[in-house]
Every structure is written in C-alpha cells, then in structure tokens.
Amino acid sequence: MHAYFALFDNALNGQADLYQQYIHSRFFAASELADLDGCLQTGWRAGWHAVILADYEFGHPLQRLPETTPGHLVIHWFARHETVADVAAWLQQHAGSTPAGIGTPASQTGASEYHRAIHAIQQAIGRGDTYQI
C-alpha cells in the first residue's frame with residue numbers, strides 16, 4: 001500500500017508544506033461549484049487539511065468557453081500537515097528504493113514543435129479562448 005502525500009515547496013523561505021495520512025478525495029465539475037464551501041467546512045470541522053487542485057479545463061465553463069474535455073476541481077483531504085525545513089533531507093530519508101528528489105525541469109520540446117504550440121496559443125488568445133487563474 002502506498003502512503004500518499006503532497007509536498008509543496010516554498011521558494012521564498014526554503015521550506016515546504018507536507019500533507020500526510022490521506023483520507024479521501026472529492027471531485028467537482030464546474031456545475032457543482034456551489035457545493036465546494038460546504039465540503040470544505042465539513043472537512044475543516046473534522047480537523048482535516050485540504051489540498052485543492054484544478055484542471056485547466058475546469059475553468060472553461062466558468063468563463064463560458066467551449067468545453068472540449070471535462071475538467072475537475074479536486075479536494076484531497078489529509079489528516080496531518082506540517083512544515084518541512086530541509087526538503088532535500090526529508091526526500092532522502094523517505095525515498096527508500098523509490099526515486100525521489102528535487103526536480104530540475106528541462107524542456108524536451110524541439111524548436112519547431114515549440115513554435116507551433118506558441119502559434120496555437122496566440123490564435124487562442126486572438127479568439128478570446130484563454131483565461132488565467
């Protein structure tokens with residue numbers, strides 16, 4: 001069994017927020033957004049900690065844009081939250097035989113593919129099909 005966790009780094013203070021002891025998840029479609037506050041209140045009353053994520057596509061119906069792929073907002077509930085001062089040491093200690101570490105993103109996109117993607121984004125902006133969170 002996996003011990004699910006969420007670890008969010010804070011580049012400003014060099015620490016991270018660690019969420020452990022996963023409880024459950026609740027997925028919301030844009031049409032169910034009115035239920036979000038009640039769900040959050042219920043979890044907080046139980047003493048749980050929320051990790052909230054949203055697909056990019058979740059915002060399309062909120063902005064009255066065409067919905068190509070259904071998106072969701074999800075609350076992952078955890079029983080425990082703590083601050084980790086030394087993230088690299090925490091990852092090293094908890095990695096076991098599983099790869100873990102601080103990611104160093106690098107592009108694997110070729111120049112022509114990159115330019116096609118930028119052109120598609122510019123077209124979407126021109127049509128008004130974009131939004132920013």
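Which residues make up the largest nonpolar core? The model is predicted, so local features need pLDDT of at least 70 and side-chain atom pairs count only at pLDDT 80 or more, while totals for chains, interfaces and linings use all residues. Residues are numbered from 1 along each chain as its sequence is written, and side-chain values use heavy atoms, without hydrogens or water.

The largest nonpolar core consists of nine residues: F28, A30, L36, C39, L40, F58, L73, I75 and W77. Such a core is a set of buried Ala, Val, Leu, Ile, Met, Phe, Trp, Tyr and Cys residues joined through side-chain atoms within 4.5 Å; buried means under 20% relative accessible area with a 1.4 Å probe, protein chains only. Two or more residues of this core come from each of α1 (36–45) and β4 (73–84); helices (H or I, at least four residues) and strands (E, at least two) are DSSP runs numbered from the N terminus. Another core, of six residues including A16, L18, V87 and W90, lies apart from it.

Four strands form an open sheet in the order β1-β2-β4-β3, with antiparallel pairing; strands pair if DSSP finds at least two bridges between them. Because β1 (6–10) and β3 (49–54) are at the edges with a single partner strand each, one side of each has no neighbour in the sheet. The antiparallel strands β3 and β4 are joined by six bridges, and V51 stands opposite H76 in β4.

α1 packs on the sheet, touching β2 (15–28), β3 and β4, where contact means heavy atoms within 4.5 Å. Helix α3 (residues 87–94) also packs on the sheet, touching β1, β2 and β4.

Terms used:
Buried means under 20% relative accessible area, exposed over 50%, partly exposed in between (1.4 Å probe, protein chains only). Axes are lines fitted to C-alpha atoms, for helices over the stretch in contact, and angles run from 0 to 180 degrees between N-to-C directions.
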